Amino acid sequence: MAEAEVVERFPATVQVVGAPEPVINQHYKRVTLAQLRQHKKVKQQMANGLDVAYMVEVAPPAQGERPDQKRRWPYIWFQHDQIKIAMMGDNSSRYFANLHPFGFGPTQQWVDAENQFLTELRVLPAKGSDTDSSEACELELEPEKEANCPQLEEVHRAELREQGFTVVGPTAAFRCAVLDALRLANMLLGAAVNWSLGNFSAPWADKLLASNSEGCHNLRVRLNDEASAPFAKVLSFILPLAEELMQEPVEVPNCCQLASLPPDGAPTSDWTSQGDQTTTYHVDGRGQLKNNIALIVGVALTPPERSSSSWGAFVCHPGSHRNARLHQQYTDQYEGRVEPMDLGSPHMVPLGQADLLVAHPLLAHRRSQNWSCSWRHWVYYRLRPRSAQQNPSWQDGVLEDPLGILPGLATGRDGAGKPSELGSSRKKRRRKQAAARSGRERQEFGRRRKALGWMFDVHSASWFQECLLYCAMVNCLALHATCGCEI
């Protein structure tokens, strides 16, 4: 295998989690098969194996100590179409999984030597690898034209300040982008089903999914691949809104989250009378409230099922982003050392297809159960300012001032604050664009009126006829504005 293909398929370091033997749950570095065979305790023949393997990252031996005198260490190797985890000194491997066309795939199912499924065992790229969603994306993504993007009004800012979330309606152009994203979501789920049946007919999909996915409710989709263009396009409509809130350019993340939820319950459940029964909640960051996120933006790819009172909706506790007591105990709560704080009755947020959910990163939330007959699909983008790459302490004051990471909310907060230069220039630019558009419309109407001047002959045309033509011209201009072409 060529070196370039090895780099493409296999990360430099990986981490094993969920193995029954703790010694296997470590970090591993990529080596060649020849380097692995140098260790005398590697007993397996490794016939027909790929020229790549992984060894545990261990400290160098002490002076006078030979490497093969140290304790037995696990290693990962590849044979035919399988990934195997073995221990030095053993004649056979301990755990096995199918090798996907592009290396480590999120749907790999591990088994032990007795063919017992290991639902918790996973091999993940180690933190800092190319699938870490906190890393910047190499994709150069241009924001969509503001006229086509969902618009943030003052009522949305007020809701985001007070409640910690708001819902922004879509534009016609954004709806079209969401339909493309929904198609890609369904294609990815179809590929995952085929993988589970041993059909690898869509290798592009395995390359698209990052290995730190956790099931269909949390599929991490790389944005820097050509096949993920529909998800990247949706993000391009969101960037102007995010920049308005952060008051600076936004970093394009490496991954987005596709959250797909099938119907809950048993096949024979009386699902039509069921409601949401979950009571848990979480704050993004896996227990760390300085979670490296400035804004969570979710897009509903599917409409809610009106026949059900619980369709896998976004459920949250309004105002919890400003709950200092919750923030103080949340890490202990997440790790099970204290009882979860009672935040009262949650709020189920109804969103139509292509509606935009904009949420503060400290908002306590969850998803409701899906007691409908259909899948529910969302795509989430977790965003931060581009300057965070060079400023590790950018989120240090978030617990003392949760709204400080979104300076675009400062206007009107406690009667203080002035519009920033970015916000002011944005409004000026919008006014100028509106004026130019109005001027073009007047010119076009005049041109078309002149071309059809016979209808406006004062001796032959009525006032009613002129009004009809004016309405026709306005409708024509509106149609052109919707499709985005130049008039």
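In strand β18, V379 is the bridge partner of L258. Strands β12 and β18 are joined by five bridges and run antiparallel. Helices (H or I, at least four residues) and strands (E, at least two) are DSSP runs, numbered from the N terminus. The model is predicted: local features need pLDDT of at least 70, side-chain atom pairs count only at pLDDT 80 or more, and totals for chains, interfaces and linings use all residues. Residues are numbered from 1 along each chain as its sequence is written, and side-chain values use heavy atoms, with hydrogens and water left out.

Strands β12 and β18 belong to an open sheet of six strands. The order is β10-β16-β13-β18-β12-β11, with antiparallel pairing. Two strands pair if DSSP finds at least two bridges between them. Which strands stand at the edges? They are β10 (165–168) and β11 (219–222). Each has a single partner strand, so one side of each has no neighbour in the sheet. From one strand to the next, the twist averages 25°.

## Helices on the sheet

Helix α3 (residues 154–162) packs on the sheet. It touches β10 and β16 (356–359). The direction of α3 makes about 155° with that of β10. Contact means heavy atoms within 4.5 Å. Axes are lines fitted to C-alpha atoms, for helices over the stretch in contact, and angles run from 0 to 180 degrees between N-to-C directions.

Helix α6 (residues 229–246) lies across β10, β11, β12, β13, β16 and β18. It runs at about 45° to β18.

## Salt bridges

How many salt bridges does the structure hold? There are 13. Such a bridge is a side-chain nitrogen of Lys or Arg within 4 Å of a carboxyl oxygen of Asp or Glu. One of them joins the side chains of R94 and E21, at 2.3 Å from N to O. This pair links distant parts of the chain, 73 residues apart. R94 sits in the loop between β5 (82–87) and β6 (95–98), and E21 in the loop between β1 (13–17) and β2 (27–31). R94 is partly exposed, at 22% relative accessibility. E21 is partly exposed too, at 23%. The cut-offs are these: buried means under 20% relative accessible area, exposed over 50%, partly exposed in between (1.4 Å probe, protein chains only). R94 also forms a salt bridge with D90, and here the closest N and O atoms are 2.8 Å apart. D90 is buried, with a relative accessible area of 15%.

D284 and R382 form another salt bridge, at 2.7 Å from N to O. These two residues are 98 apart in the chain. D284 is in the loop between β12 (255–261) and β13 (295–300), while R382 is in strand β18 (residues 376–383). Is D284 buried or exposed? It is buried, with a relative accessible area of 7%. R382 is partly exposed, at 23%. Elsewhere, salt bridges that share partners join E154, R157, R161 and E244 into one network.

## Aromatic pairs

The structure holds five aromatic pairs. Rings of Phe, Tyr and Trp (its six-membered ring) pair if their centres lie within 6.5 Å; planes under 30 degrees apart count as stacked, over 60 as edge-to-face and the rest as tilted. Y54 and F78 are an edge-to-face pair, because their planes stand at 65°, with centres 6.4 Å apart. Y54 lies in strand β3 (residues 49–56) and F78 in strand β4 (residues 74–79), so the pair ties together parts 24 residues apart in sequence. Y54 and F78 are both buried.

The pair of Y330 and Y334 is tilted, because the planes are at 40°, with centres 6.2 Å apart. Both residues are in helix α7 (residues 324–334). They are four residues apart, so about one helical turn separates them. Y330 is buried, at 2% relative accessibility. Y334 is partly exposed, with a relative accessible area of 41%. Ring pairs also link F314, W378 and Y380 into a cluster.

## Confidence in the model

The mean pLDDT of the protein is 79. A pLDDT of 70 or more is reached by 72% of the residues. This score is the predictor's confidence in each residue, from 0 to 100. Over residues 127–134 the pLDDT is below 50. Beyond near neighbours in sequence, that stretch has 22 contacts in the model.

Residues 412–426 also stay under 50. The model has 18 contacts for them beyond four places in sequence. Where pLDDT is low, the predicted coordinates should not be read in detail.
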